[in-house]
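Take a look at the protein and its ligand below. Then read on for a short tour.

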Amino acid sequence: MDSIIVTGNGPLSGQIPIAGAKNACLTLMPATLLSEEPLTLTNAPRLSDIRTMTTLLQSLGAEVQSLQDGQVLAMSSHDINNHTADYDIVRKMRASILVLGPMLARDGHAVVSLPGGCAIGARPVDLHLRALEAMGAELDLRDGYVHAKAPSGGLRGGTVDFPLVSVGATENALMAATLAKGTTVIKNAAREPEIVDLADCLRRMGAQIEGDGSPTITVQGVDRLGGATHRVVTDRIELGTYMLAPAICGGEVTLLGGRIDLVGAFCEKLDAAGISVTETPEGLTVSRKTDRTKAVDVTTEPFPGFPTDLQAQMMALLCTADGTSVLEEKIFENRFMHAPELMRMGARIDVHGGHARVTGVEKLKGAPVMATDLRASVSLILAGLAAEGETVVNRVYHLDRGYEHVVRKLSGVGAKIERVKGQ
Ligand code: EPZ
């Protein structure tokens, strides 16, 4: 297994281009199943999760061509000949569940493996299933698979009222509702930019959708959807991650393609910590205003709140802040696995349930550490950028799921970082 070696190397300067969003692309790709006409995505990120989704769609009979060095995905679902999403693919990536709604809406039946466990939490899919039942679907859980059947004549419009905000369940319901007979109202919907990006793409395909980005989405079902070309929205989590690099090391970095509306709550916390964020024609420029970061308290929330996918990276920043910060993780029940690894680097962190108390130290020290999940892995790299000596991050396959060209992007702004091939 490959590892990444980072050596503290002082302030950073330069530009980092931000890619298209993994979490938008992973819901945009299954949307191809809703139409027999081609769907082309541009600004697609080059990530192992995108390759997994490609394999899944191809296993159903869809054509997926990766063009222009992987930044363009030309897809067509003209000949879907298999309606079973196999465990062997689904177990690699939970987002595979997002083929369920589109397949059911398109052909009235689908069999999708349940995703199974995850390092950061139980992550059930009950809300996805309840949403489809509200549209008339019959679901049978058997042998680790969801066997789904639409009523004759197809899914019907209905009211989906989520007891808690779920990004994935909102996406599945939204896609299914586009071809359902009548009107669907999705209440307490997720408001993430990836949902708005999906709705924009579906509208290009001919869907009738209103309210995306607000808690209530209304969808008027149509008989069929056409093709489209859609540019994937900027990855706000990759953006936030690289905004923290100059915050942790000092210096000034411009994030090309960065948009402040995607990271509002995050920027408020950076400002409170003494980090300056400026909008420029190219994107966002980040620099540290003070010698030492100030401690801040953070609570993760659904959008537009502070994103859980930036919690680990924010903890890396707060490890050397002046004072004590409290991080509260409200979305996932087991998302502090990076804390013991940061403590191996000399951080002072007390974790109790969903709260982590971080008492800032002057400086971290490099050490061998272990990546446990996607965002935890990049928080260890960020911590290593400002630590004394060498940090060796192992199991970086986690990182490849959500970050393209990390070594090239960070060394391009002056970081001392290299990837070492595994034995
Ligand atoms: C999406 O996951 C993202 N993944 C996650 O990013 C992100 O952390 C999460 O949204 C929250 O923002 C993708 O978009 C592919 P949820 P998702 O459904 O849709 C509970 C990353 O690092 N829940 O909004 O799976 C669930 O257990 C990843 O890129 C149910 O109880 O998240 C959690 O506590 C990690 N039943 C909460 O809701 C359900 O049926 C929010 O989960 C569904 C969810």
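This is a predicted model: local features need pLDDT of at least 70, side-chain atom pairs count only at pLDDT 80 or more; totals for chains, interfaces and linings use all residues.

Residues are numbered from 1 along each chain as its sequence is written, and side-chain values use heavy atoms, leaving out hydrogens and water.

**The ligand site**

Start with the ligand. Around the ligand are 22 residues. A residue is near if one of its heavy atoms lies within 4 Å of the molecule. Asp126, Ser166, Asp309, Ile331 and Arg375 come nearest.

The shell residues divide into 11 nonpolar, 5 polar and 6 charged. Here Ala, Val, Leu, Ile, Met, Phe, Trp, Tyr, Cys and Pro count as nonpolar; Asp, Glu, Lys and Arg count as charged; the others, Gly among them, count as polar.

Helix 1 (22-28), helix 5 (126-133), helix 6 (167-177) and helix 12 (374-385) each give the shell at least two residues. Helix 5 supplies the largest share, 3 residues. Helices (H or I, at least four residues) and strands (E, at least two) are DSSP runs, numbered from the N terminus.

Next come polar contacts, which are pairs of N or O atoms within 3.5 Å.

| Residue | Protein atom | Distance to a ligand oxygen atom |
|---|---|---|
| Val167 | polar backbone atom | 2.7 Å |
| Gly168 | polar backbone atom | 2.8 Å |
| Asp309 | polar side-chain atom | 2.6 Å |

Taken alone, the ligand exposes 830 Å², and the protein buries 85% of that. Such areas come from the Shrake-Rupley method with a 1.4 Å probe.

**Two helix pairs**

The axes of helix 6 and helix 7 (residues 193-204) come within 10 Å and cross at roughly 10°. Axes are lines fitted to C-alpha atoms over the stretch in contact, and angles run from 0 to 180 degrees between N-to-C directions. That crossing makes the two helices roughly parallel (an angle under 35 degrees). In contact (heavy atoms within 4.5 Å) are Val167, Thr170, Glu171, Leu174 and Met175 of helix 6 with Glu194, Ile195, Leu198, Ala199 and Leu202 of helix 7. These residues divide into 7 nonpolar, 1 polar and 2 charged.

Helix 8 (residues 236-249) and helix 10 have axes that come within 10 Å and cross at roughly 5°. They are therefore roughly parallel to each other. Their contact residues divide into 7 nonpolar, 2 polar and no charged.

**Two backbone details**

Most residues other than glycine have a negative phi, and most peptide bonds are trans. Arg123 has a positive phi, near 50°. Arg123 sits in the loop between strand 7 (109-113) and helix 5. The peptide bond from Phe303 to Pro304 is cis, with omega near 10°. Pro304 lies in the loop between strand 18 (298-299) and helix 10 (311-318).

Notes: A polar contact is a pair of N or O atoms within 3.5 Å; within protein, one must be able to donate a hydrogen and the other to accept it, and residues adjacent in sequence count only if both atoms are side-chain atoms. Angles under 35 degrees count as roughly parallel, over 145 as roughly antiparallel, 65 to 115 as roughly perpendicular and the rest as oblique.
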